Every structure is written in structure tokens, then in C-alpha cells.
Amino acid sequence: MAVGLFVFIAWVVISVYFFVPIQLSTLDNLILFFVFTIISMNIFTIIDLNLNLIQHSNKKEMFVSFWIHRNIVIPLILTIFVNFTDSFKSKVYKLIVSVSVFSILLLINLLAFRVGLMTCGSNLYLGSAILIMVAMLLAFITMKLVTKLPEGESM
Amino acid sequence: MYIIYDRKFNSNEWFVITSLIIGIILVWKLPKRFSIKESLVYLIYFVFVGMIFDHTIAIEPFDYYDVNDSSAYQLMDFLSYLTFGPFGYLYIYFYDFFKMKNRYNTFYIFLWTMSALLMEYVAHALGVYHYKNGYEIYYSFPIYLAMLSSLLYLYKLLNLKKANEKSNL
């Protein structure tokens, strides 16, 4: 059930990515998706292996869902988020987008805990909220850095 | 299970640092062939795919190997993933430099897969990788094959997109 659920969530997120107006170039989006996946993987590995704040399930079916959540759902939602924030000039719209994306990510993360992909020893809601805020902040900073890179100039 | 292999700054750390420095110098000093963003895509892609494989098969429920001094995730582990970046970049750089024809792709990918395996063999001998649960070095062969093939496919896609954009101008 968990695999089906997370495949469905990933499919919805991928569909949204292909249907919303993408502001950034293909190269920007590729770089950002790669970096967001690296960030997501590292955050989860550190809080799981080193800090023992969460523990991912050792069942293979659950691990596949956890993998989809960590490597597809979170990075792709962050990529959609930075495309949206880049497209809106108004700070109010940016805030609305940020709060909406934060809520969606929080709900999906809580769902991941609910279906047993991960278990958490400490405060689940606060921990998830901090984790998502850190990921969104890093995503926003990365987007600002990547879009400032000169186009066409060789390295 | 948490395992500590060693606590000293020795061969595995030196191997990671030396590989990273040589890789960065090569990427920096070679004559430029791609734009900054395109170079970044090739550099980051290999780190990205390498991490995906490592953060999948090197953790529970598979747990086929540990990287560097212990089972925990350390700064040196992260640096060892960064060494994949220059490797992927150089792979695409020389493909572009030699203007390889499609009929040589299989041979080119095989050659670089063998180089990656050789690098892994040296890294394993120096204590960067510690295989567990029956893992053997030749299991990495299909992984490198998939990583290098997908990177070449990405390069072809980006070139096709560039060619389309040029023809539309």
C-alpha cells in the first residue's frame, strides 16, 4: 500500500512539474534538481545514521517508498517551489507559495511517518517542520546562486 | 550495525583528498569546452548518481558496504562522493574533445567503466570502501555502466537541445 501511495504522490508531483510554467532554464532546473536531491539525501542520512532522530524502515517495500519520498518527491517539490518563487515579483505571492509548499511537504512527510516509512523518537511535528524549513531555505539560496551564474561563458 | 574500522588520518583520507585535488586541478586547467552551467551539470550529475546508489545500497535494508572510517556518515564520506564529479566531467570532456562517433560509444563506456572499477579497487585497498554482506567489487560493474551510460545520454540530450535552439534562431 505504501509503495502505491508514494508512487501516486510522485506521479502527481511529476505531472505538476510538467504542467506548471517553468521559469528557469533546463540547465538551471537540472542543476537545482541534482543539488536538491543531494541535500535531501544528506539531511536524511545525517538525521538517521548519525543523530538517530529518525529511523527508516528496514522492510524492502517501505524502503522503496522512503526512497521515492527522499529522492523524487521532496527534490521535485523544491524544484517547483523555486520556479514559482522566481516567477512571482510580489512578496505576498512569494509568501503564499512558500507557505503552501511548506504545508504540502509537511503533510507528505507526516504521511511518511504515519504509514511507517520512518519512525521518530522525538517531537515528530516540530522535527518535520524544522527539516522542511531547512530544506526550503537551502533550496532558495541554491536557486539564487545558480541563477546568478553567467549564461554561455565557459568554465 | 555500527562498525569503526579505524580512527587515524591515514591512507583512505589521503586517497580521497589527493583524488579530489587532482580532479579539481584537471577540471580547472583543461581548455574550456562547455558553458559554466553545462559544466556544472556534468560535474554534479555524477556526484548525484553516485550518492543515489551509495545512499541506497550502502544503508539498511541492503547495507552492502561502509565508506571510510566507520558506518556513520562523516565529512570524509561526503568528500569521497565529490571525487565522482571530476571523473564524470572528464568522461564527457574527452568524449566531446575526441568528437566520438556513436559506433564507439559501447567501447568508450566500457573503457571508463573499467577505469572506475580500477579506481574503486585502489580505494578499497586503501580503506575507503569496506564491503559487507557478501558484496564483491564486480557487483559495481553494472552500476558504473548505468551511471556512465546515463551521463552520456544526458550529454546527447543537451546537445540535441542546443542544436534545436540554434536551428530555431
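Author: A nonpolar core, as meant here, is a set of buried Ala, Val, Leu, Ile, Met, Phe, Trp, Tyr and Cys residues joined through C-beta atoms within 7 Å, and a residue is buried if 20 or more other C-beta atoms, placed from the backbone, lie within 10 Å of its own. This is a predicted model, in which local features need pLDDT of at least 70, side-chain atom pairs count only at pLDDT 80 or more, and totals for chains, interfaces and linings use all residues. Residues are numbered from 1 along each chain as its sequence is written, while chains are lettered from A and ligands numbered from 1 in the order in which they are written.

Reader: Which residues have the most contacts inside the largest nonpolar core?

Author: Those are A:Ile31, B:Ile44 and B:Tyr45, in a core of 65 residues. Helix α3 of chain A (residues 60–87) supplies the largest share of this core, twelve residues, a helix being a DSSP run of H or I with at least four residues, numbered from the N terminus.

Reader: And what is B:Ile44 in contact with, leaving aside its neighbours within four places in sequence?

Author: B:Ile44 is then in contact with A:Ile31, A:Phe34, A:Val35 and B:Gly85, where contact requires C-beta atoms, placed from the backbone, within 7 Å.

Reader: Switching to the interface, how many residues of chain B are in contact with chain A?

Author: There are 22, in contact with 27 residues of chain A. On the chain B side, helix α2 (residues 36–57) gives the largest share, 14 residues.

Reader: How much of chain B is buried?

Author: Buried residues make up 33% of its 169 residues.

Conventions
Buried ≥ 20, exposed ≤ 12 C-beta atoms within 10 Å, placed from the backbone. Contact = placed C-beta atoms within 7 Å. Helix = DSSP H or I, 4+ residues; strand = E, 2+ residues; numbered from the N terminus.
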